[in-house]
Structures are given as C-alpha cells and as structure tokens.
Amino acid sequence: KIKACIFDLDGVIVDTAVYHYKAWRRLANQLGFDFTEEQNEELKGISRIESLKIILNWGRVTKSAEEMEELATLKNTWYVDMITKMTPDEILPGAKEFLELVRSKNYLTALGSASKNSETILNQIGLINLFDALVDGNKVTKSKPNPEVFLVGAKELNVLPEECVVFEDAIAGVQAAKNGNMKTVGIGKADVLTEADIVVGGLNEMTIEKLENL
Ligand code: G16
Ligand code: MG
C-alpha cells in the first residue's frame with residue numbers, strides 16, 4: 001500500500017532547467033564555446049559538478065579539480081541570482097493542487113532533488129510547508145540513477161521504499177526510483193520515460209485513483 005509521495009523538483013514542481021541553462025551557457029561562452037538547449041536536456045537531474053564535467057567535455061576544455069570547483073561556484077552565483085527572483089506563478093500546473101490533495105488524503109510528502117538550492121526555490125515559490133521531509137543535494141552524495149536521495153526520503157518519512165511513489169521527469173531519476181524499489185510516475189513523454197510505471201504530462205493530469213492503482 002502506498003503511504004508516501006516523493007517529488008523531484010526541477011521539471012516536476014517548477015522549471016528551473018531554463019535558469020540552469022542560462023547560467024551554464026554564460027559559463028561556457030566565457031570559456032569560448034556554446035551548447036544547445038537539446039544538449040541541456042542531458043543535464044536534467046544530474047548534480048552540479050557532474051553537469052560541469054559533461055559541459056567541459058562538450059567544449060573539449062580540461063580543468064583541474066580546483067578550477068572546476070571555482071567554475072561551478074561561479075555558475076551557482078549566477079543561478080542563485082535568478083532563482084531568488086522566482087515567484088509562486090512559476091509553479092508548474094497542478095503541482096500545488098496535487099501536493100495539497102495527497103496531504104488531505106493523509107499521504108506523506110517528501111522532496112527528492114539533486115539540487116543544493118532546493119530550499120531557496122521552495123521558499124521563493126511558497127511550497128516549503130507542503131513537504132514532510134526535504135532531501136536534496138546537501139544531504140546525499142550519490143547522483144541519480146543511484147537511489148540514495150529517494151531512500152533517505154523514505155527513511156526520513158519512516159516508510160518502506162515499496163510504500164513510496166516517486167514523481168520524476170528525468171530518465172536518471174526514474175531509474176533511481178526503480179533502483180530503490182519504488183513505484184514511479186514519469187512526468188513528460190511516455191516514449192522517453194519508458195521505465196516509469198505510468199507517465200503523465202504534468203501533475204495536473206495526476207489523480208488519487210491513478211496513485212492508488214499503481
Ligand atoms: C536539478 C537539475 C539539475 C541540476 C541539479 C543540481 O535536479 O535538474 O540540472 O544540475 O538539480 O542543482 P544545483 O546546482 O542547484 O545543486 P532535480 O533533481 O531537482 O531535477
Ligand atoms: Mg528533474
């Protein structure tokens with residue numbers, strides 16, 4: 001029986017990918033190359049430092065570990081500048097309503113995000129109080145598809161992995177949930193998120209019935 005819902009942040013609750021893209025692109029341009037929005041898709045759900053490694057590889061640029069830390073920090077200052085201007089009208093359609101709905105039916109809720117900025121974002125958009133547990137890049141070290149972020153979420157909620165449903169927009173995130181023995185609802189396209197138990201276009205298409213039938 002399902003007892004808890006664990007939500008990814010970027011792509012499920014809010015679209016921060018556009019801000020990540022702007023900040024990473026500014027960094028790439030400064031280093032003398034560019035990358036496309038299509039390439040940016042590959043960075044979804046991937047941690048900050050792993051994202052940087054992928055981007056540097058696209059530009060055929062080599063940096064030391066120390067330089068990479070500096071570049072990642074620089075990108076983050078630009079990113080934080082943008083997300084601290086976010087407002088509740090950037091919440092994706094149905095996200096707030098679905099969180100309130102599941103809570104009213106006594107399901108527990110947790111965030112399971114790779115981002116180290118998740119609390120800033122949830123405060124900006126006014127949803128922080130709708131989560132019983134917050135697990136993000138500050139609490140875990142292993143990147144999705146490793147299930148760590150979701151397993152810590154289940155633990156904090158005091159439920160078993162098989163009692164959890166994960167809502168994810170990234171392939172790596174769906175795999176992480178599967179690797180953790182959790183049910184998954186893919187947010188996006190069924191031909192992309194093939195490993196998800198069901199796929200919906202957004203939380204606005206999600207219902208209690210679909211949740212209970214998983
Ligand atoms: C998000 C984004 C990723 C980003 C990661 C780390 O993951 O999808 O593109 O690299 O967070 O973000 P930060 O640099 O803020 O720590 P998620 O798991 O919320 O989809
Ligand atoms: Mg995501």
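Trainee: What pLDDT does the protein average?

Mentor: pLDDT is the predictor's confidence in each residue, from 0 to 100. Where pLDDT is low, the predicted coordinates should not be read in detail. Here the protein averages 97, and 100% of the residues score at least 70. The model's ipTM is 0.93 and its pTM 0.94.

Trainee: Where does UniProt place the feature "binding site"?

Mentor: UniProt positions use the numbering used here, feature names are shortened, and annotations may be inferred rather than shown by experiment. The unreviewed UniProt entry lists Asp8, Asp10, Glu168 and Asp169. They are spread over 162 residues of sequence yet cluster in space, with a largest C-alpha distance of 8.9 Å.

Trainee: Is Asp8 buried or exposed?

Mentor: Count C-beta atoms, placed from the backbone: 20 or more others within 10 Å means buried, 12 or fewer exposed, in between partly exposed. Asp8 is buried because it has 27 C-beta neighbours inside 10 Å. Asp10 is buried too, with 24 other C-beta atoms within 10 Å.

Trainee: Where is Asp8 found, and what is it in contact with?

Mentor: Helices (H or I, at least four residues) and strands (E, at least two) are DSSP runs, numbered from the N terminus. Asp8 is in the loop between strand E1 (4-7) and helix H1 (17-30). Asp10 lies in the loop between E1 and H1. Contact means C-beta atoms, placed from the backbone, within 7 Å. Leaving aside neighbours within four places in sequence, Asp8's contacts include Glu168 and Asp169. On that basis, Asp10 touches Lys44 and Ser113, among others.

Trainee: Which residues touch the most other members of the largest nonpolar core?

Mentor: Such a core is a set of buried Ala, Val, Leu, Ile, Met, Phe, Trp, Tyr and Cys residues joined through C-beta atoms within 7 Å. The largest has 56 residues, and Ala4 and Phe150 touch the most other members. H7 gives the largest share, five residues.

Trainee: What covers the buried residues of H8?

Mentor: The cover includes helix H7 (148-157), strand E4 (164-168) and strand E5 (183-187). Among the buried residues of H8 (residues 171-179) are Ile171 and Val174. Just after H8, Asn181 takes a positive phi of about 65°.

Conventions: Residues are numbered from 1 along each chain as its sequence is written. Chains are lettered from A and ligands numbered from 1 in the order in which they are written. This is a predicted model: local features need pLDDT of at least 70, side-chain atom pairs count only at pLDDT 80 or more; totals for chains, interfaces and linings use all residues. Two residues are in contact if their C-beta atoms, placed from the backbone, lie within 7 Å.
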